[in-house]
Each structure stands twice: as C-alpha cells, then as structure tokens.
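Here are some notes for a first reading of this structure. Please keep the sequence and the 3D view open while going through the points.

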Amino acid sequence: MPTGKLPLPSTEAQRFDLPDADLCLWSQAFAADEADEQFSALRSRIEWRQEDILIFGERRRVPRLVAWHGDPGTTYTYSGTAHEPLPWTVELQSIRARVEALSGYRYNSVLLNLYRDGRDGMGWHADDESELGRNPVIASVSLGAIRRFCLRHRGHKDLQLDLLLPHGSLLCMGGSTQHHWVHALPKTRRPVGERINLTFRLLVLR
Ligand SMILES: O=C(O)CCC(=O)C(=O)O
Ligand SMILES: [Mn+2]
C-alpha cells in the first residue's frame, strides 16, 4: 500500500563470496530522488571532456566522456595522459561524504565517466596504477541507466561475475580485487539512456 513516504537510502549491503576479491554492494546507497538530483546536477555542471587515447600509434576517441576531480596534487595518469584534478564541487563533496560513511574509507579524488548510450563503454582493465598503492579501495557510484558491469578472474577465466548496477548504488572493490580480477562495462546494442559512474579513489601523494 503506498504510504506517501519517499524511499530512504539504505545501509543494507550485499557481500560477494569470491576468491581473491573483496566486493560489497549497497543497492540503495542513495534514495531514488537524491540519485535523480545528483544525476541532473552532475550531467549539467561537470565539465565533461572527450579524450583521445593512442593505441599502437593510432589516435582513437575514448568511448565515453570523463572528468577528474580531487585534492590539490592528485595528478592521475590514465589513457596514457597525466590529468590535473579539478576542485571538489558541492555535489561531489556530498556524494563523497555518503560513500565514506558507508564504506568506512576515505578518498581524495574521483574519476567521473558519462556513458551517453550503448555505444559508450569501458574495456577490460584493473584499477592498479602505481598512484593507487597496494590493495586500493575503489568505491563506485552508479547513476542513471542500468548497465552490465562484468568482473573476471585473471587466472581462472571461468570465474566471472556480472552485476546490474542500479541507479543510486555503491559498489566497493577492496582487498586484492584489483590484483586478481579485471572488470569492464561492455557496450550494448540494446537502447539505453545515459549513465554516470563515479569511482572514488585514494591516491598516494608523493
Ligand atoms: O562505469 C563503471 O561502472 C566502471 C568504471 C571503471 O571501471 C573506472 O572508471 O575505472
Ligand atoms: Mn575501473
């Protein structure tokens, strides 16, 4: 029976029993109305950038738009280029506060990805850059369209996990996950709307 109450964020988490991985999913880290607001604020206020990547000497467009924000000094090298951080915005600080409270870890930077439709995606990789140190905790917030997020063990190719990450969810990857597993966001021919993903990270400052 409808009660007229708005759905509240939930601290309920699901842990996955996988070898060499530490994965935890909060399906409703943000209530639906909060997640809607964050999506539209980020969609319109973030300076989304189209980046290129050099693959075997050939310049290709990265199939998504990106932004990098963080504390001063959190220079991050990805897609072959060093990125200087843009400062924290009010929205990003508020999302980070919830992510830190739920996950129990601190973060000094965030990578944002905007997948405009099913032609945007991310190939197999691990977040194991040296700036992240050993056993990094990567806290990933999903907003907007639901997309398939895939994980695969590096040593045992038959060990796989596919997750449909809901609007307003938080997935934490910790422990040795980045050493033993790779992950991807496959492209899809299915018509899908826009999705924003934020991965909060703690860069080791030198
Ligand atoms: O969009 C996602 O869910 C994954 C993003 C990701 O793996 C990354 O930014 O490193
Ligand atoms: Mn990643």
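1. The model is predicted. The points that follow should be read with that in mind.

2. Start with ligand 1. The residues around ligand 1 are Leu111, Asn113, Met122, Asp127, Ser140, Phe149, His183, Leu185, Asn197 and Thr199. Strands β7 (109-115), β13 (181-185) and β14 (195-201) are the elements that each give two or more residues to this shell. By type, the shell holds four nonpolar residues, five polar ones and one charged one.

3. Next, check the length of helix α1, residues 32-45. At 1.5 Å a residue, its 14 residues should span 20 Å, and the C-alpha atoms at its ends are 20 Å apart, so expectation and model agree.

4. Which residues of α1 are buried? They are Glu34, Ala35, Gln38, Phe39 and Leu42. Viewed down the axis of α1, the buried residues fall within an arc of 135°, and therefore they line one face of the helix. Asp33, Ser40, Ser44 and Arg45, on the other side of α1, are exposed. The cover over the buried residues of α1 includes α2 (90-103), β7, β9 (138-144) and β14.

5. Apart from residues up to four places away in sequence, Ala139 touches Val99, Ser103, Tyr105, Tyr107, Leu170, Cys172, Thr199 and Phe200. One of these, Thr199, also belongs to the residues around ligand 1.

6. Is Glu58 buried or exposed? Glu58 has 8 C-beta neighbours inside 10 Å, and a residue with 12 or fewer is exposed, so Glu58 counts as exposed. Glu58 lies in strand β4, residues 58-70. Its C-alpha atom is separated by 30 Å from that of Gly155, which is 97 residues away along the chain.

7. Val66 is also placed in strand β4. Because Val66 has 17 C-beta neighbours inside 10 Å, Val66 counts as partly exposed. Val66 and Leu112 are 46 residues apart in sequence, but their C-alpha atoms are 5.4 Å apart in space. Beyond neighbours within four places in sequence, Val66 is in contact with Arg49, Glu51, Leu111, Leu112 and Asn113. Leu111 and Asn113 are also among the residues around ligand 1.

Note on methods: Residues numbered from 1 in each chain as written. Chains lettered and ligands numbered in written order. Predicted model: local features only at pLDDT ≥ 70, side-chain atom pairs only at ≥ 80, totals over all residues. Near = placed C-beta within 6 Å. Helix = DSSP H or I, 4+ residues; strand = E, 2+ residues; numbered from the N terminus. Nonpolar A, V, L, I, M, F, W, Y, C, P; charged D, E, K, R; others polar. Expected span 1.5 Å × (residues − 1). Buried ≥ 20, exposed ≤ 12 C-beta atoms within 10 Å, placed from the backbone. Arc of directions from axis to C-beta. Contact = placed C-beta atoms within 7 Å.
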